[in-house]
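Hello,

Here is the structure I promised to pass on. My notes on it follow below.

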Amino acid sequence: MTLPASPIGVFDSGIGGLSVLQALRHELPHERFVYLADSGNAPYGDARGDAFVQQRARAIARHLREQYQIKVLVIACNTATAAAVDMLRAEMPDLPLIGVEPAIKPASLSSQTGHVGVIGTRGTVSSARFARLVAEHGERVHFHAQACDGLAKAIEESTERPVPEDPMATEVAELCARYVAALGDFGQKTGEMDTLVLGCTHYLFAREQLRTLLGPDIQFIDTGAPVARQTRRVLGRLGALADESETPPTPDSQMQLMTTGSLQALQAAAWRWLELPARCCSAIQVGEASTTAA
C-alpha cells in the first residue's frame with residue numbers, strides 16, 4: 001500500500017545518482033528519501049553484463065521495499081534502467097518505478113545545428129533501449145554517441161580526494177578531454193554539435209571540466225529535473241504526495257544515504273554536492289554480488 005508518509009527510494013551504481021537526488025530534493029522538499037549507492041559493485045556500465053545488473057537491481061529493490069516500505073523507486077542509473085527496468089516492472093507490478101535514460105528527445109527538439117553529442121557508459125550507449133530512443137527521435141537530428149569507459153569510475157573515486165585547485169589537472173578532466181575529442185567538432189556552425197547529452201548520472205559532477213573544454217555556448221542536457229517532475233506526477237496520480245502544508249523535514253530526517261562500498265566516499269560526496277552531514281550516511285550489505293564482471 002502506497003502511503004504519503006513513506007519514503008521515496010532511489011538507487012544508483014554509485015554516487016552519480018546523487019545528481020538525481022539533488023533534483024528530487026529540490027522538486028519535492030517535503031518528501032523523505034532513502035538512497036542506496038551500490039558502490040561496492042560499481043561501475044555497472046563499463047564492464048558489467050545485463051544479468052549482473054539485473055541481479056543487483058532486483059536485490060536492491062527488494063531491500064528498499066522490505067526494510068523501508070518505499071512508495072516509489074527511482075532508478076537513478078542509465079545502465080540499470082536500460083538493463084533492468086522492464087524486468088522489475090514485470091516482477092513488481094505494484095511498485096511504481098521511474099527510470100532514467102539519456103535525454104534524447106529534449107536534445108532533438110533543442111538542437112539548432114541538427115547534431116547532438118551523447119556521452120554515456122558502454123552499457124548504456126550499446127543497449128537496445130538507447131538504440132530505440134535514437135531511432136525514435138533521430139529524424140531531424142544526427143546523434144553522435146561515445147562510450148566513456150572509466151569516466152564514471154574516475155568520478156566515483158575523485159570524491160575521496162580534496163577538491164583540486166585546478167579541476168583540469170585530474171583523471172576526470174583527462175578522460176573528458178579524450179572523449180569530447182573523439183566525438184568530433186562542437187560549435188554553432190553547420191555540421192557541428194551544439195548540444196551534449198550527459199547520458200550517465202555521474203557525468204553531471206564533471207560539468208565544470210566539460211564546460212571548460214566546450215565553452216559557454218554548448219548546451220548540456222541531463223535527466224535530473226525531468227525525472228524529479230515525473231516522480232511528482234506519479235505520486236500525485238497515486239495520491240501519495242507528502243503533506244506540503246507542513247514544514248519540510250530537516251536534512252537529518254529527510255535523507256538517509258547508504259552505500260555498499262566506501263562510507264568515506266559517500267560521506268564526502270554527500271557533503272560536497274548536497275551539503276549533507278556525515279551522520280546521514282551508513283554502510284550496508286545488500287544480497288550477494290559476483291566478484292567478477294559478467
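The radius of gyration is taken over C-alpha atoms, and the globule rule is 2.2 Å times the number of residues to the power 0.38. For 294 residues, a compact globule would come out near 19 Å; the protein has 18 Å, which agrees.

Some ground rules. This is a predicted model, so local features need pLDDT of at least 70 and side-chain atom pairs count only at pLDDT 80 or more, while totals for chains, interfaces and linings use all residues. Residues are numbered from 1 along each chain as its sequence is written, and side-chain values use heavy atoms, with hydrogens and water left out.

The protein has 13 helices and 10 strands (DSSP runs, numbered from the N terminus: helices are H or I, at least four residues; strands are E, at least two). Buried residues make up 54% of the 294 (buried means under 20% relative accessible area, with a 1.4 Å probe and protein chains only).

Now the rings. Rings of Phe, Tyr and Trp (its six-membered ring) pair if their centres lie within 6.5 Å; planes under 30 degrees apart count as stacked, over 60 as edge-to-face and the rest as tilted. The count comes to one aromatic pair. Phe205 and Trp273 have ring centres 3.8 Å apart and planes at 10°, so they are stacked. Phe205 lies in the loop between strand E7 (195–198) and helix H10 (207–214), and Trp273 in helix H13 (residues 263–274), so the pair ties together parts 68 residues apart in sequence. Phe205 is buried, at 14% relative accessibility. Trp273 is buried too, at 18%.

Best wishes

Notes:
Buried means under 20% relative accessible area, exposed over 50%, partly exposed in between (1.4 Å probe, protein chains only).
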